[in-house]
Amino acid sequence: YRFESKNWLKQQRHKSVPFTYLQQPQLQLAEMLLNDQDRVVKFKFKVDQQGDVTQVKLKKRSGVNAIDQQVIEAVQHSQVAVKRSYKTLWIYKKSTFKDELHFQVNACSE
């Protein structure tokens with residue numbers, strides 16, 4: 001499984017998104033980790049003005065610690081671009097965003 005989050009997939013279809021990943025975050029997840037169950041990981045993260053992810057928190061865990069840890073690491077090592085609007089003009093304010101990943105059994109992308 002690769003990093004194909006809700007926001008990433010919208011971004012690839014050129015839909016409106018609150019932020020864009022500069023590159024697809026690196027995630028290589030083996031199907032056996034799912035233990036024959038579909039899994040969902042919902043998370044939120046903060047971004048500083050350089051686009052670096054500074055803090056990742058899980059909103060909904062998958063139920064498998066190894067999956068959760070790999071998702072956290074993938075997000076922490078990613079960079080995002082944020083459109084600055086009147087809501088995010090404050091220079092020192094970190095922006096908070098959320099995203100989610102769905103892992104479905106037998107839907108491995110490779």
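Buried residues (under 20% relative accessible area, with exposed meaning over 50% and partly exposed in between, using a 1.4 Å probe on protein chains only) make up 38% of the 110 residues in the protein chain. What you're looking at is a predicted model, where local features need pLDDT of at least 70, side-chain atom pairs count only at pLDDT 80 or more, and totals for chains, interfaces and linings use all residues. Numbering starts from 1 along each chain as its sequence is written, and side-chain values use heavy atoms, with hydrogens and water left out.

**Overall layout**

- The protein chain has 2 helices and 5 strands; these are DSSP runs (H or I of at least four residues for helices, E of at least two for strands), numbered from the N terminus.
- Follow the sequence along and you get the pattern α-β-β-β-α-β-β.
- Take the contacts (heavy atoms within 4.5 Å) with a separation of 6 or more: 68% of them are between residues 24 or more positions apart.

- Strand 2 (residues 39-47) and strand 3 (residues 53-60) run antiparallel and are joined by 6 bridges.
- Across that pairing, Phe43 sits opposite Leu58 in strand 3.
- Strands 2 and 3 make a hairpin with 5 residues between them, and Gly51 in the turn has a positive phi of about 90 degrees.
- Strand 2 also pairs with strand 5, again in the antiparallel sense, over 9 bridges.
- Val47 has Ser95 in strand 5 as its bridge partner.

**The nonpolar core**

- A nonpolar core is a set of buried Ala, Val, Leu, Ile, Met, Phe, Trp, Tyr and Cys residues joined through side-chain atoms within 4.5 Å.
- The largest one has 25 residues, and Phe43, Phe45, Val71 and Phe103 touch the most other members.
- Helix 2 gives the most, with 5 residues.
- Leaving aside residues up to four places away in sequence, Val71 touches Leu27, Val41, Phe43, Leu101 and Phe103.

**Helix 2**

- The buried residues in helix 2 are Ile67, Asp68, Val71, Ile72, Ala74 and Val75.
- Seen down the axis of helix 2, its buried residues fall within an arc of 165 degrees, so they line one face of the helix; the arc is that of the directions from the helix axis to the C-beta atoms.
- The buried residues of helix 2 pack against strand 2, strand 3 and strand 5.

**The loop between strand 1 and strand 2**

- Most residues other than glycine have a negative phi.
- Asn35, found in this loop, isn't a glycine, yet has a positive phi of about 55 degrees.
- Asp36 lies in the loop between strand 1 and strand 2 too, and its phi is also positive, near 60 degrees.
- Is Asp36 buried or exposed? Asp36 counts as exposed, because its relative accessibility is 73%.

Definitions and conventions
Pairing = 2+ DSSP bridges.
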